[in-house]
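Student: I have a structure to read and some terms to check. Please go through them with me.

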Amino acid sequence: MTTNTQPRAELEAPPVARRRIRLSREMTKTLVVTVVILTIVAVAAGIVSGSTTVLTQALVTGVLTGGIYSLIAMGLTLIYGVLHIINFANGAMVALSLYLTYEVVSIFGVHPYLALVITIPVMMGLGALVQAVLLNPVMRAPIHTQLLITIGLALAIENLLLLVFGPNPLSVQLPGNTGVPVLGATVELSRIYAFIGSLVLVAALWLLLKRTAIGTAIRAVAANPEGARLVGINIKGIYILTFAIGAAAAGAAGTLIAPFSTIQPTAGAIFNLTAFVVVVLGGMGNVPGALVGGLVVGLTEQLGALIFPGQSPLLAVFVVFLIVLFVKPKGVFGRAS
C-alpha cells in the first residue's frame with residue numbers, strides 16, 4: 001500500500017535553514033584546511049629557499065597575482081554558473097582588451113587606467129553581441145556546439161589581432177611605476193593598483209548579484225530557468241546580460257594588467273589556462289569561490305617556484321589542479337549535486 005504522506009521529520013524540519021548551516025560549516029572547514037595546507041607549503045618553501053626575504057617576496061607577489069587571476073576567472077565562472085557554457089574565448093577577450101588599452105593610450109595619450117571607460121563598455125557590447133547572435137540560437141543544442149563556437153571565437157580574435165597588429169610584442173607604460181616596499185617585499189605599483197582594482201570590481205559584481213533586482217533575476221535563471229520564465233523573467237535577455245558582464249570582467253582585467261604584461265595576440269592563452277584552474281578550484285559557477293581560488297593559485301604558483309626551482313611556476317599549480325580533480329571534482333568550494 002502506498003501513501004503520499006511525507007515522513008514526519010521531513011515535514012517538521014526547516015530544510016533551507018539546515019542546509020545553510022551545513023554549507024556554512026562545510027565552507028569554514030574547507031577554508032581552514034586550505035589555510036593549513038598553504039601554511040605547510042609556505043614553511044616548506046621557506047626551508048628550501050633558506051631566506052625569509054625571498055619567502056616574503058613570494059607570498060606578497062602570490063597574493064597580488066591571485067587577485068588578478070580572480071577577476072579574470074570571475075567572468076568565466078559567472079557565465080558557466082548561469083549559461084552552463086565554458087567560454088574558451090575568455091583569454092582571447094583579455095588579449096583584445098590589452099590591445100584596446102594600448103590603442104587608447106597611444107591615440108589619446110591618457111593614463112592607462114582611464115582606458116577602463118572604453119574597454120569595459122566595448123567588451124560588454126561584444127559579449128552581448130556574441131551571446132545574442134552566436135550562442136542564444138544554440139542554447140538548446142548539445143554542449144559541444146557552444147564549446148566549438150567559443151573556441152572558434154577565440155581563434156578568430158587572436159588571428160584578427162595578428163592580422164592588424166602583427167606578431168611583434170607591444171607594451172603600455174604606467175607613469176611613476178616604481179617599486180615600493182610591502183611587508184618586507186618590493187612590488188611594482190602597477191601590480192598593487194591591479195590588485196586593488198580587481199578586488200573593487202569583484203566586490204561590485206558580488207553586490208550586483210546579491211543586492212540588485214537584476215542580480216536576483218540572474219541568480220533565479222541560474223537556479224531554475226523554467227521557474228524564472230514562469231514568473232516573467234526574459235531568459236534570453238538574462239543570458240545576453242550575463243555573457244556581457246563576463247566579457248566586461250575580461251576587459252577590465254586586460255586594462256588592469258596592461259602595464260606589466262607583454263601585449264601580443266596570444267597573450268590571453270596563459271591567463272585562460274590559469275582561469276580554468278581557478279574556476280575548477282573554486283567550484284564551477286561559484287563566484288566567491290573564484291576569488292578564493294585565485295588567491296590559492298597565485299600563492300601556489302609563487303611558492304611552487306621556490307620548492308621546485310628551475311621548473312615552470314605553473315608546475316605546482318597543475319599538480320594541485322590534478323589532486324583537486326581526483327579528490328573533489330566539484331571544486332574545493334563547489335557544492336555537491
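Tutor: What follows is a set of questions and answers on a predicted model.

Student: What makes the contact of R229 with E226 a salt bridge?

Tutor: The closest N and O atoms of R229 and E226 are 3.4 Å apart. The cut-off is a side-chain nitrogen of Lys or Arg within 4 Å of a carboxyl oxygen of Asp or Glu, so the pair qualifies. The structure holds one salt bridge.

Student: How are R229 and E226 placed in helix α9?

Tutor: They are three residues apart in helix α9 (residues 225–230), which means that about one helical turn separates them.

Student: Why is R229 called partly exposed?

Tutor: Buried means under 20% relative accessible area and exposed means over 50%. R229 has 39%, in between, so it counts as partly exposed. E226, with 42%, is partly exposed by that rule too.

Student: What is noted about the phi of H84?

Tutor: H84 has a positive phi of about 60 degrees, although H84 is not a glycine. H84 sits in the loop between α3 (52–83) and α4 (90–108).

Student: How do you know whether H84 is buried, partly exposed or exposed?

Tutor: Its relative accessibility is 44%, which lies between 20% and 50%, so H84 is partly exposed.

How values were computed: Residues numbered from 1 in each chain as written. Predicted model: local features only at pLDDT ≥ 70, side-chain atom pairs only at ≥ 80, totals over all residues. Heavy atoms only, no water. Helix = DSSP H or I, 4+ residues; strand = E, 2+ residues; numbered from the N terminus. Buried < 20%, exposed > 50% of the residue type's maximum accessible area, 1.4 Å probe, protein only.
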